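User: Hi! I'd like to learn how to read a protein model, starting with its rings. Could you take me through it?

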Amino acid sequence: MRSLEVKSGLERAPHRALLRATGLSREDLDKPFIAVVNSYSEVVPGHVHLRALADAVKQGVREAGGVPFEVNTIAICDGVAMGHAGMKYSLPPATS
């Protein structure tokens with residue numbers, strides 16, 4: 001499992017210590033780590049529901065035997081951003 005790279009072996013003892021400081025148990029360290037990437041934002045109307053969706057996904061990861069880690073990513077709303085001086089486009093154009 002790919003998450004062993006960050007938690008397995010003597011040289012990863014400091015990594016395990018920091019992971020334990022986040023509340024993980026020793027048993028959690030034997031499970032696969034699964035990233036749940038979420039662009040929840042209170043300012044983007046189309047993303048307001050994503051907090052609840054991410055919570056459901058994390059529960060599913062736990063039920064399947066994994067350890068979820070939620071991380072965020074940017075949230076762009078054309079309707080909020082358009083017309084501002086710095087906005088050229090919210091998404092890069094598709095390339096073929």
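Analyst: Happy to! Rings of Phe, Tyr and Trp (its six-membered ring) pair if their centres lie within 6.5 Å; planes under 30 degrees apart count as stacked, over 60 as edge-to-face and the rest as tilted. This is a predicted model, where local features need pLDDT of at least 70, side-chain atom pairs count only at pLDDT 80 or more, and totals for chains, interfaces and linings use all residues. Residues are numbered from 1 along each chain as its sequence is written, and side-chain values use heavy atoms, leaving out hydrogens and water.

User: How many aromatic pairs does the structure hold, and what is the arrangement of the rings?

Analyst: The structure holds one aromatic pair. The ring centres of Phe-33 and Phe-69 are 4.9 Å apart and their planes are at 65 degrees, so the pair is edge-to-face.

User: Which strands hold Phe-33 and Phe-69?

Analyst: Strands (E, at least two residues) are DSSP runs, numbered from the N terminus. The pair ties together parts 36 residues apart in sequence, because Phe-33 lies in strand E1 and Phe-69 in strand E2.

User: Is Phe-33 buried or exposed?

Analyst: Buried means under 20% relative accessible area, exposed over 50%, partly exposed in between (1.4 Å probe, protein chains only). Phe-69, at 27%, is partly exposed. Phe-33 has 17% relative accessibility, so it counts as buried.

User: Which residue lies over the face of Phe-33?

Analyst: A charge sits over a ring if NZ of Lys or CZ of Arg is within 6 Å of the ring centre and within 35 degrees of the ring normal. At 3.8 Å from the ring centre of Phe-33, the residue over its face is Lys-7.

Technical notes: Helices (H or I, at least four residues) and strands (E, at least two) are DSSP runs, numbered from the N terminus.
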